[in-house]
Amino acid sequence: MSPHPILRPCITALFILVLAASFPFFALSGIASASDASSGNVYYENLAAWNTPPNGAVLLIVDGLGSYYLFPELAGKSLDNEPAGHAYLRTLSYIWDNGFRISKMKAPVPVTENGHSVLVTGNRKANSEIVGYANSTFLDVLREEGFICIGVMQRGDFESMRNKFDVIIYDKTNSVNNVDFTIQKNEFPASDPEIIRRLVSVFEAQQRNASSYTNTKDTGEKYAGYNRFGLDAAVEALTVMENYPDQKFILVINVGGTDSTGHYRGYYAYLDSVDRLDADLEKLFEKCRRNDLLFVLTADHGMAFEALDKKSGGHSSAKYSKANESLYIPFIVFGNTIRSGVVYGPDCGQEDVAPTLLSIFEIRSAPRFSQGNILPAKKYASLYLQFPAAESFELYRQEGDGSVIVFSSAGFFENYTAYSLSGLPPGSYLLKWQNAGGNEYIQDELRLQIEKDTTVDLSDYLKKPALTSLTDFNKDAPPLSSHSSLSSLSSFSSISSLFSGGISSFKLTKTAGFLLIGLINIAGGAAVYNFYKKRH
């Protein structure tokens, strides 16, 4: 029996409308599930496919390297006000010209133990005792993320620091004239024994050859050789890691020859030591560049001189500790995901190194005592959104007088209360959300200025009285905290934008649902009428 004529157009329209209403759900949810980006009640999305964090990093800490002897915009001087000059730098100037740098990063206390402790913990008041606590350093955080931690240390090698590495080679004497390098392994459950064994092997070879680096009558070459030993040991460690491209790692190097030169040989020899270090650094940097590794250079403290012609200097005693030359250290970062040619001007501290390093790796966790801020070193930022309940929202990037949608949560079958979005170019953004689930919110959109990894917890913000204008957000909203975020590898902003067009996908689907219900009622009524007519 063929359908009643009244039913034919109703059934056809019903079929078409069901397909149309379902398409946004199936299309978007298919992409979301393909990305496998969910974790608990958090959704992770990388909005730029090329925004891939590095698999490994080299952090070079040059003991006693002060900013005032490196950067052309800084004019150093001795304590008796005699102008100081700059080292001759070829490798480092190339790195900072093509990377991100800070000229004046302040060390809270210009002492080696404190400097190293602040660098790894992100805490201004850190010391060796705090370093020894569980989960207190970025090394602990990285290990939880599957990293191997490798150390080549000459200064700052106190026991609690050494215990944070899977394997470390260090100098027990910290003496250029009497080197005594030893190797320490620490047992961690996730460490790959084969990799550790090969690292120990290359460190043992370097250990046997250590005396040749300082066995010379040329005093300048002796101190330069002490630095070179650490750089060469690091290159050998990187050669091992080249055989394990999927293994994440960090290699922390500390070289002490420059600090010793400043203490015992004076200003002119100090500059010469920096010159030689720069020349020896080229091999290590090229190794990092060819393997797409993150390269970071900083220091524990600087160095000051009472007079340029005196054969000694210092940084920690009362006479030197308040000098800018002792307090300000360089921070230079180079890598594929790092902004290029940027000189960052605002004040920052040594405690900012740890959170910034983790941010570059797209790791949202932080050391337990960290107080530092994330610095805007990355080309792309991450945004972490926390809603009080599952919501439908869209994120737009402001471009000129208009805006472009970059992310939409419409079409998700599973509701999330938190989202982590990475791969956002720095700039102005507009966040719009729906009043889903009967939630009564005073405001349903928010303007954001995103320059670095940013957290927005709307749980507190949505309880505030309505703002007079969206531009008041920066003044009245709860403070934004900074962190990094995890990411997945898919982006569906282009598809979701097909359904925006000034009307949200949520509203479009809701309207289609009402029409669908209406058509079902019409079709049902027609069927009842047809049945009644045939019976009578």
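Okay, so a salt bridge here means a side-chain nitrogen of Lys or Arg within 4 Å of a carboxyl oxygen of Asp or Glu. With that in hand: Glu221, Arg228, Asp272, Arg276 and Asp280 are linked in a network of salt bridges.

Some housekeeping. This is a predicted model, where local features need pLDDT of at least 70 and side-chain atom pairs count only at pLDDT 80 or more, while totals for chains, interfaces and linings use all residues. Residues are numbered from 1 along each chain as its sequence is written, and side-chain values use heavy atoms, with hydrogens and water left out.

Inside it, Arg228 and Asp280 form a salt bridge with their closest N and O atoms 3.0 Å apart. Arg228 is in helix α9 (residues 219-241) and Asp280 is in helix α11, so this pair links distant parts of the chain, 52 residues apart. When I say helix or strand, I mean DSSP runs numbered from the N terminus: H or I with at least four residues for helices, E with at least two for strands.

How many salt bridges does a search of the whole structure find? It finds 17. Let me pick out two others. Glu73 meets Arg101 at 2.7 Å, N to O. Glu73 lies in the loop between β3 and α2, and Arg101 in strand β4 (residues 100-106), so the pair ties together parts that are 28 residues apart in sequence. Buried or exposed? For us, buried means under 20% relative accessible area, exposed over 50%, and partly exposed in between, using a 1.4 Å probe and protein chains only. Arg101 is buried at 6%, and Glu73 is partly exposed at 41%.

The other one joins Arg90 and Glu282, at 3.3 Å, N to O. Arg90 is in the loop between β3 and α2, while Glu282 is in helix α11 (residues 267-290), 192 residues away. Arg90 is exposed at 54%, and Glu282 is partly exposed at 36%.

That loop between β3 (56-62) and α2 (91-97) also holds Asn81. Its phi is near 70°, a positive value in a residue other than glycine, and Asn81 is exposed at 52%.

Last stop, a sheet. Four strands form an open sheet in the order β15-β14-β17-β18, with antiparallel pairing; strands pair if DSSP finds at least two bridges between them. The edge strands, β15 (402-408) and β18 (445-450), each pair on one side only. Between β14 (residues 393-399) and β17 (residues 427-433) there are 5 bridges, and Leu395 stands opposite Leu431 in β17.
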